[in-house]
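Hi there,

Here is the structure I promised to pass on to you. Have a look at it, and then read on for what turned up.

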Amino acid sequence: MLELTEPINVWVFFKGGTLQPHTFFWKQRQIKVEKINLVHTTKNGQNLIFHFSVSSGGNFYKLAFDLESLKWFLEAVEEG
Amino acid sequence: MRTILHIDFNSYFATVEQQANPRLRGKPIGVTGGDRMKRTVLGAASVEAKKFGVKTGMQIWEAKKLCPNIILVSGDSDKYLECTKRFLTILKAYSPYLEVFSIDEVFMETYEIWDPAPSVIPAKAGIHTNHLWIPDQVRDDNIKTTCDFANAYLIAQQIKSRIRSEIGEWITCSIGISYNKLMAKLAGSLQKPDGLVVIANPEETVKILDEIALDEICGIGGRIKVRLNKMGIFHFKQLRQVPLEILTFQFKSYGNFLYNAARGIDESPIIPFYEKEEIQSVSHRHTIDHDTDDLREIKQILLKLTELIARRARAKKLVGKTVNCWFRYGLHPRGEYQVTFSVHPGGVFTGNGMQITIQYTNDGLEIFQAAWRSFQSMWNGSKIRMIGVSISNLKPQTPQNLSFLDEVKQKEVIIKALDKINDKYGEFTLKRAILLGTPIIRRTPNPFLTDRRFKV
């Protein structure tokens, strides 16, 4: 598994009022999130970060949304 | 008769990792202690890894020997704690009487407060004969339940279903239902993974006890089993024949537990998570990713650990006065501990001087100074692989702990400022200069919630 902290662009939608990633862009690819497997949060001081473990095309990705900066990051990739 | 449910997640840490990453599902995986994957033991093994004989707590090299294809996953405490919180939120809908036994194990007592519509009971799903109700899906396994536990059985099914839909479809738990905690826990252990077993009455209890080994009951460990074996007791039928006087003579007050356990008797109440006993101690330990005898490095690690426990004590407004330090010597390449005297079989140093009493404090530096003294009095200069420290004899931090000395007041102001900044920007944002450039110590996944309390 490749672990990284790479800023990414993400299209999101709100399901039942909850933020969910729909599609993200990485290495000039558009990757559609097929399933959100698990969501959990971590805290760095008072800063809350949401982690989305997602699947797409049999691959695994972990996205993070920083609630303070309102930025998305790609944290882990397992493809192939 | 009481109705107790014991809910135990199956291979919890491993299953949560498989939930997060479906590519790990159906494969043997082992969850390790964070970023020190080379050195730590397995925090959990997946159901698939267990089939190879891999067990929780096993050294990684042992696990690899048994299962060369095992996939090691770095543990993530936050992930597991979040799942536990969600799980407790589900349980709270059924009963407020929840005892959090560990991160993946809960006892729940119901008082008929949950009243399912009669139509909810699947008429076709079971056979009703006198007091026996045998659901279809478990009839073949010869598992029985009485109508008394029908509500509890339905609650258990709902809990399982809600865990799948609200936490994750891969996460399963085994649920035991009975009339006390001991038997509920035993019932839960009889069918894994994803079991649902009821021990309905004392007659059934005796039958089941006579079929299991002595150490399958919670509270009878390997050592007690050996002592019982030496007395000629190899199963519960024999244990029931031993008079209470002999058991108390041999095992003191523990004899009472053995006498009752052999009969499936357990009067212990559910201790709800909001009534948990006061915290006895705050501790931290760290396994280093290499063996070291570098004094500066050991000092830095110990200071970091004492700063962490001091922060936790301050967050809970506690001060303590007994400091314990312990450590583990490194291994020879052939796997033996370098020092074999004054250590117990686990290799943890247990010599004199490991406990030091100081003035009540929650200052990391003061705790460090005591711990360092203790370490130096025990250490023989050999390389170590693990070090731990704790503070106990705790009491609330009240104004009477405050000093009138200016230097003490100044220190308190500095510590408050440090806490405020580290609370806002993260652990060790501000730290003592000796810790500059040292690696971060992360909380490793462990099933014991120690001083954590859940707000659900």
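How many salt bridges are there between chain B and chain A? The count is two, where a salt bridge is a side-chain nitrogen of Lys or Arg within 4 Å of a carboxyl oxygen of Asp or Glu. One of them joins E78(A) to R23(B), with the closest N and O atoms 3.0 Å apart.

Before the rest, a word on conventions. This is a predicted model, so local features need pLDDT of at least 70 and side-chain atom pairs count only at pLDDT 80 or more, while totals for chains, interfaces and linings use all residues. Residues are numbered from 1 along each chain as its sequence is written, chains are lettered from A and ligands numbered from 1 in the order in which they are written, and side-chain values use heavy atoms, leaving out hydrogens and water.

**Where the chains meet**

On chain B, 20 residues are in contact with 20 residues of chain A (contact means heavy atoms within 4.5 Å). Together the two chains bury about 1500 Å², 45% of it on carbon and sulfur atoms; this is the accessible area (1.4 Å probe) lost on putting the two parts together, summed over both. There are also 13 residue pairs in polar contact between the chains, both residues at pLDDT 80 or more. A polar contact is a pair of N or O atoms within 3.5 Å; within protein, one must be able to donate a hydrogen and the other to accept it, and residues adjacent in sequence count only if both atoms are side-chain atoms.

On the chain B side, α1 (12–20), α4 (77–92) and α15 (406–425) each supply at least two of the residues that touch chain A. The most come from α4(B), with five. Helices (H or I, at least four residues) and strands (E, at least two) are DSSP runs, numbered from the N terminus.

N59(A) sits in strand β6 (residues 59–66) and is buried, at a relative accessible area of 15% (buried means under 20%, exposed over 50%, partly exposed in between; 1.4 Å probe, protein chains only). Beyond four places in sequence, N59(A) touches V54(A), E78(A), E79(A), G80(A) and R23(B). Its side chain also makes a polar contact with that of Y61(A) (3.5 Å).

S53(A), in strand β5 (residues 47–56), is buried at 0% relative accessibility.

Best wishes
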